[in-house]
Amino acid sequence: MRFGGHLAVDAVSFEAGPGTITGLIGPNGAGKTTLFNIITGLLEPTKGQVFFGGRTITRMKPFKRARLGIGRTFQRLELFTSLSVRDNIRVAGEIRNRWHKGRIDVHAEADRIMELIGVDHLADREVTEIPTGMARRVELGRALMTHPKLLLLDEPASGQDETETQEFGELLQRLAAEGTGILLVEHDVSLVMAVCEYIHVLDFGQIIAAGTPAEVRANPVVLDAYLGSGAPDDATAIAAALDAGIVVSETDLHVHIHEPRDSSDAVELREPLLELVDVRAGYGSIEVLHGVSLAVPQGAVVALLGPNGGGKSTTLKVCGGFVPLTGGELRIAGRVLTGVSPDTLARHGVCTIPEGKGIFPNLTVSENLRMATYTGTPLKDVEDIAYSRFPRLAERRGQLAGTMSGGEQQMLAMSRALGTDPAVLLLDELSMGLAPLIVTELYEVVAQVSELGVSILVVEQFARTVLGIADIAAIMLSGRITRVGRPDELEEELSSAYLGATT
Ligand SMILES: Nc1ncnc2c1ncn2[C@@H]1O[C@H](COP(=O)(O)OP(=O)(O)OP(=O)(O)O)[C@@H](O)[C@H]1O
Ligand SMILES: [Mg+2]
């Protein structure tokens, strides 16, 4: 597949069998989503063929492929945003009934599938209101309504926490056992290693390795290009810890604690720049935060940790002004800014990188960066920051941001935020969609940024990585902060906070 001068997929051949989970992994921009688009017919390959059940489908329309039994989910969610969870799933059933004679009872089938994928408790919520991890399951549910023979899943676990991911892996194994062929693109290496029978590794549009999870994990080429071998607390360790089976062990959950970055410099004693005092907030009649107090000192990195559903993203949304407080106070640099709009908070230096979507898809890379100059930073400086940290962006400066790979878009979102010269950075799941090696690098960038005096509040599923750079960790359970301390003081609570959720 060629895009102008860029060869995104370079003579790739592989197979995915029925009743089997086949993994497709590789760095950001390797060509994984492009392959999905070729298989589903959203892109016509420049060269080569796609076969399904032995017959060529290379030029067949996407809807015909769906009718043949190819279902998919999208890396950047493509749900019907004005519909409820139930209706998103039902839509696919209605369509299926128009394709086939053997009609299904759409209502009953939607109920069955919602229970199967564990979203029945959200059935009547609008999909924009539910957490990303759950929205990904709804996409899976919609695909399942068509009873596909082959399921293509593009980063289905991103946004799901460890417990949810574990359940999700078990669900995929059950679907495969019932005969569905699954092609899995996922940066959560532990999931891929645990559920896939066979894995293909892509880099720069080529397959650089293939084999069983054990073979791929031991392959030096893969370590080098994708997993990274330098950082013992990251992907390599997770991969090494999970030998087989999906069960997440206690040692795997055990957080790798670094030395405090600078113990002589007691960051927690500094003046707080961002402060939440007894904050209450929620959605409609549902209260999610039940009196949260938290301080982010000047130049400190505070990691907000805990299982999903605890209110971490809501806390960040409150700080950015996106969810109103129903009680308590929000202060920035000592000033009470409760109830002000997101743009007022932005003017006070609060910068959000929202989960997943932080860019203008119809603008080019350099136009997106220009959007960061509203605070007065010259474009040249914004571009310098971006292109020196992420050389990939320099190569793509004229490309429409929406056509870049998921990880490339995340790099752009980060660059644009840094360009606004923020006082407070709110980071929600920075690792989402990023290859393990890049996640490690990106958190190095976060640490450097905090050393320049920026206060950072970060929510992250990969606790090990973020604790390596955090000054303070706070554990959040069911809408309350249960513990705050230095990462090395919290080791035990962190394990039990996550483990508690699994039992
Ligand atoms: N329409 C397009 N025009 C130009 N370049 C494109 C287009 N679509 C994709 N690309 C480029 O092709 C490469 C492969 O993109 P793809 O989305 O397949 O990557 P990926 O492996 O899914 O990465 P990620 O893990 O970050 O999602 C990227 O460098 C991307 O910028
Ligand atoms: Mg992708």
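# Reading a predicted model, one feature at a time

Colleague: Let's start with the ligand. How many residues surround ligand 1, and which are the closest?

Modeller: There are 21 residues around ligand 1, and the closest are N28, T33, T34, S405 and G407. A residue is near a molecule if its C-beta atom, placed from the backbone, lies within 6 Å of it. Before we go on, this is a predicted model: local features need pLDDT of at least 70, side-chain atom pairs count only at pLDDT 80 or more, and totals for chains, interfaces and linings use all residues. Residues are numbered from 1 along each chain as its sequence is written, while chains are lettered from A and ligands numbered from 1 in the order in which they are written.

Colleague: Which helices each supply at least two residues of that shell?

Modeller: Those are α1 (32–40) and α17. Helices (H or I, at least four residues) and strands (E, at least two) are DSSP runs, numbered from the N terminus.

Colleague: And what is the make-up of the shell by class?

Modeller: Ala, Val, Leu, Ile, Met, Phe, Trp, Tyr, Cys and Pro count as nonpolar, Asp, Glu, Lys and Arg as charged, and the others, Gly among them, as polar. On that basis the shell around ligand 1 has 14 polar, four nonpolar and three charged residues.

Colleague: α17 came up there. How does helix α15 cross α17?

Modeller: Axes are lines fitted to C-alpha atoms, for helices over the stretch in contact, and angles run from 0 to 180 degrees between N-to-C directions. Here the axes of α15 (residues 379–389) and α17 (residues 406–419) come within 9 Å and cross at roughly 145°.

Colleague: Which residues meet there?

Modeller: Contact means that two C-beta atoms, placed from the backbone, lie within 7 Å. From α15 you have V382, I385, A386 and R389, and they meet S415, L418 and G419 in α17. By class, that contact has four nonpolar, two polar and one charged residues.

Colleague: On to strands. Is β13 enclosed or open, and why?

Modeller: A residue is buried if 20 or more other C-beta atoms lie within 10 Å of its own, exposed if 12 or fewer, and partly exposed in between, with C-beta atoms placed from the backbone. Five of the five residues of β13 (residues 301–305) are buried, so the strand is largely enclosed by the rest of the structure. V301, A303 and L305 point one way, V302 and L304 the other way.

Colleague: What does β13 pair with?

Modeller: Strands of a sheet pair through backbone hydrogen bonds, either parallel or antiparallel. Pairing is called when DSSP finds at least two bridges between two strands. β13 pairs with β18 (residues 455–459) in the parallel sense over four bridges, and L304 stands opposite V459 in β18. β13 also pairs in the parallel sense, over four bridges, with β19 (residues 472–477), where L305 has I475 as its bridge partner.

Colleague: What is the strand order in the open sheet of six strands?

Modeller: The order is β6-β7-β8-β3-β9-β10, with mixed pairing. Its edge strands are β6 (70–72) and β10 (206–211), each pairing on one side only. The twist averages 20° from one strand to the next. Helix α9 (residues 220–227) lies across β3 (21–25), β9 (198–203) and β10, running at about 125° to β10.

Colleague: How do I read a covered helix, say α12?

Modeller: Count its buried residues: in α12, nine of nine are buried, making the helix mostly covered. Among them are K312, T314 and L316. G321 follows α12 and has a positive phi, near 85°.

Colleague: Is P324 exposed or buried, and why?

Modeller: P324 sits in the loop between α12 (312–320) and β14 (325–332). It counts as exposed because it has 11 C-beta neighbours inside 10 Å. Leaving aside neighbours within four places in sequence, P324 is in contact with A281 and G339.
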